[in-house]
Amino acid sequence: MRVLVFGHSGQVASELRRDARVIAGLGRAACDLTQPGAAEAAIAQHRPDAVINAAAWTAVDEAETHETAAFALNAGAAGDIARACAGRGIPLVHLSTDYVFAGTGTAPWQPEAKPAPLGAYGRSKLAGEEQVRAAAGAHVILRTAWVFSAHGRNFVKTMLRLAETRDKLDVVEDQIGGPTPADAIAEACLSIAGQLLAAPEKTGTYHFSGAPELSWAGFAREIFKQADKPVSITGIPGSAYPTPAQRPLNSRLDCQQTEAVFGLARPDWRAGLGRVLAGLRRQAGPGNHIRPQHEGKKQQ
Ligand SMILES: NC(=O)c1ccc[n+]([C@@H]2O[C@H](COP(=O)([O-])OP(=O)(O)OC[C@H]3O[C@@H](n4cnc5c(N)ncnc54)[C@H](OP(=O)(O)O)[C@@H]3O)[C@@H](O)[C@H]2O)c1
């Protein structure tokens with residue numbers, strides 16, 4: 001299987017590019033998806049067996065003031081990719097988000113639950129889902145949540161950066177979700193692409209997020225435990241940390257259909273966090289400040 005990825009240096013795209021099945025990962029420089037005809041030209045050039053769209057406008061707060069730009073990529077480009085794939089009979093795996101939901105209640109969101117995004121980013125991703133479905137080719141829309149990796153911007157890296165100068169942090173305790181390692185998403189996307197190629201009837205909308213679910217404050221505590229950083233966390237309500245875009249309180253995703261149809265179990269994010277911290281230590285080289293837990297214990 002030869003897979004073309006849209007996205008290059010992003011969290012999921014970087015992980016996808018490590019796999020031998022991925023023939024190219026196209027970022028903005030190689031293929032600016034906001035340009036008319038860009039997706040079509042790239043797919044015509046690379047002639048892949050399957051396409052994974054890991055390109056997106058992911059700056060949630062900035063989307064509030066740049067909704068047109070967020071829509072151009074998350075909806076317009078997603079539609080362009082989906083139509084180009086459908087026209088050629090190429091299966092598409094398209095990534096989406098828990099932010100399409102309002103985040104009410106405490107039950108995990110089923111894939112068929114009614115979306116009601118709280119902000120511009122969620123609206124743009126929902127419009128992208130609709131365009132992918134309307135293109136009517138073999139596709140999987142895979143909604144994920146709370147993505148983290150050693151690349152790009154994410155909560156793990158933000159917490160580690162703050163720990164350089166702070167030993168106490170206030171972190172939101174009333175938003176609940178499943179942190180999801182980008183490498184596990186990449187593996188899931190590739191497995192789904194292969195299965196969709198063989199069985200296009202698996203087309204549909206699915207969920208994939210890490211387990212067990214917890215709050216951002218709980219996630220921060222585990223990050224500092226694994227990284228052996230002495231930072232104390234005070235849990236606060238999201239209302240005490242206002243942001244331009246409102247975040248869902250309940251980001252739990254029901255992933256049972258993904259396991260039943262594709263045989264993909266939810267990844268344990270605690271193991272993924274260990275891999276990310278190890279990756280960051282390698283990036284930092286000798287003398288870095290992120291020590292794994294067992295090294296920290298040895299020094300006591
Ligand atoms: N991050 C999260 O917590 C989260 C949560 C739920 C769902 N998701 C979804 O998961 C997917 C992957 O997210 P991620 O965190 O890996 O994203 P990311 O790290 O922000 O990467 C975004 C990617 O989009 C590409 N891109 C941006 N503008 C582009 C343009 N004009 N033309 C072509 N490519 C462009 C970037 O290209 P370059 O390589 O050139 O920079 C980059 O590779 C997205 O669909 C996102 O909505 C993410």
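V147 counts as buried in this predicted model, because 23 C-beta neighbours lie inside 10 Å, where 20 or more are needed for that class. The model being predicted, local features are given where pLDDT is at least 70. V147 belongs to strand β6, which covers residues 147–148. Contacts of V147 beyond four places in sequence are with Q11, V12, N154, T180, A182 and I185. P212 lies 65 residues from V147 along the chain. The C-alpha atoms of V147 and P212 are 14 Å apart.

The sheet was examined next. Six strands form an open sheet in the order β2-β1-β3-β4-β5-β10. Pairing in this sheet is parallel. Strands β2 (22–26) and β10 (204–207) sit at the edges, and each pairs on one side only. From one strand to the next, the twist averages 20 degrees. Within the sheet, β3 (residues 50–53) and β4 are joined by three bridges in the parallel sense. Opposite I52 stands V93 of β4. Helix α7, residues 182–198, packs on this sheet. The helix touches β1 (3–6), β3, β4 and β5 (139–144). The directions of α7 and β5 make an angle of about 160 degrees.

The contacts of C189 were also listed. Leaving out residues up to four places away in sequence, C189 touches L16, I52, V93 and L142. I52 and V93 are the residues that stand opposite each other in the β3 and β4 pairing. The largest nonpolar core holds 83 residues. Within this core, V5, I81, L142 and C189 touch the most other members.

How values were computed: Residues are numbered from 1 along each chain as its sequence is written. This is a predicted model: local features need pLDDT of at least 70, side-chain atom pairs count only at pLDDT 80 or more; totals for chains, interfaces and linings use all residues. A nonpolar core is a set of buried Ala, Val, Leu, Ile, Met, Phe, Trp, Tyr and Cys residues joined through C-beta atoms within 7 Å. A residue is buried if 20 or more other C-beta atoms lie within 10 Å of its own, exposed if 12 or fewer, and partly exposed in between; C-beta atoms are placed from the backbone. Two residues are in contact if their C-beta atoms, placed from the backbone, lie within 7 Å. Helices (H or I, at least four residues) and strands (E, at least two) are DSSP runs, numbered from the N terminus. Two strands pair if DSSP finds at least two bridges between them. Axes are lines fitted to C-alpha atoms, for helices over the stretch in contact, and angles run from 0 to 180 degrees between N-to-C directions.
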